[in-house]
Amino acid sequence: MADRDVVEALIATYRELNQRFRPLLAAMNADAGAVEDPTSPLGILYRLRNRELNASQAIKEMLRGGERTIVDDEAEPLVTLQQTALGLVPIVLLSQFGTAREATLAMVRDLPDSVWQQEFETPRGRMTLRAYLETLIARDREAIRALEQRLGQPAPKS
């Protein structure tokens with residue numbers, strides 16, 4: 001995937017979440033399932049948001065050349081609803097995901113090719129920045145498929 005394609009795919013995730021799922025999520029704010037259930041809409045969005053927050057911080061650390069303190073979110077246990085802020089609803093999680101994704105995009109949009117090809121220690125192991133971003137895109141697609149299944153939304157026809 002070329003740099004531009006990676007950036008476009010990162011943007012496409014948030015666009016798709018907003019266009020396809022925001023109306024459904026807004027209608028079900030009070031009944032989105034438990035955050036502890038990773039298959040509920042709330043659990044899916046919670047993990048998506050956390051992954052993006054972690055990725056954004058990890059990319060910042062990689063680009064600064066400092067110590068990597070962020071771990072892969074897949075290794076983190078989901079916190080219980082009591083440990084999260086009260087009023088955690090899908091639309092808030094979606095907005096927080098969008099803010100974190102924009103931070104990620106702001107850091108990588110205009111990087112030179114040499115940085116995209118440079119290898120870093122990432123939360124998913126040693127890889128190029130491009131490869132790390134491609135893992136985010138793949139995991140975005142998994143989250144969208146999971147939301148499609150949970151919310152009864154078929155994938156759009158290409």
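Visitor: Among contacts in the chain between residues at least 6 apart in sequence, what share join residues at least 24 apart?

Guide: This is a predicted model, so local features need pLDDT of at least 70 and side-chain atom pairs count only at pLDDT 80 or more, while totals for chains, interfaces and linings use all residues. Residues are numbered from 1 along each chain as its sequence is written, and side-chain values use heavy atoms, with hydrogens and water left out. Contact means heavy atoms within 4.5 Å. Of the contacts between residues at least 6 apart, the share joining residues at least 24 apart is 73%.

Visitor: In what order do the elements of the chain run?

Guide: Helices (H or I, at least four residues) and strands (E, at least two) are DSSP runs, numbered from the N terminus. The chain has 5 helices and 2 strands. From the N terminus on, the order is α-α-α-α-β-β-α.

Visitor: Which residues touch the most other members of the largest nonpolar core?

Guide: A nonpolar core is a set of buried Ala, Val, Leu, Ile, Met, Phe, Trp, Tyr and Cys residues joined through side-chain atoms within 4.5 Å. The largest one has 22 residues.

Visitor: Leaving aside neighbours within four places in sequence, which residues is V108 in contact with?

Guide: Beyond its sequence neighbours within four places, V108 meets I59, W116, L129 and L133.

Visitor: Is D140 buried or exposed?

Guide: D140 sits in helix α5. Buried means under 20% relative accessible area, exposed over 50%, partly exposed in between (1.4 Å probe, protein chains only). At 1% relative accessibility, D140 is therefore buried.

Visitor: Which side chain does a polar contact of 2.9 Å join to that of D140?

Guide: A polar contact is a pair of N or O atoms within 3.5 Å; within protein, one must be able to donate a hydrogen and the other to accept it, and residues adjacent in sequence count only if both atoms are side-chain atoms. Leaving aside neighbours within four places, D140 is in contact with T13, L48, R51, F97 and R101. The side chain joined to D140 at 2.9 Å is that of R101.

Visitor: How many Å apart in space are K60 and T104, C-alpha to C-alpha?

Guide: K60 belongs to helix α2. Its relative accessibility is 31%, so K60 counts as partly exposed. K60 and T104 are 44 residues apart in sequence, yet their C-alpha distance is 8.3 Å.
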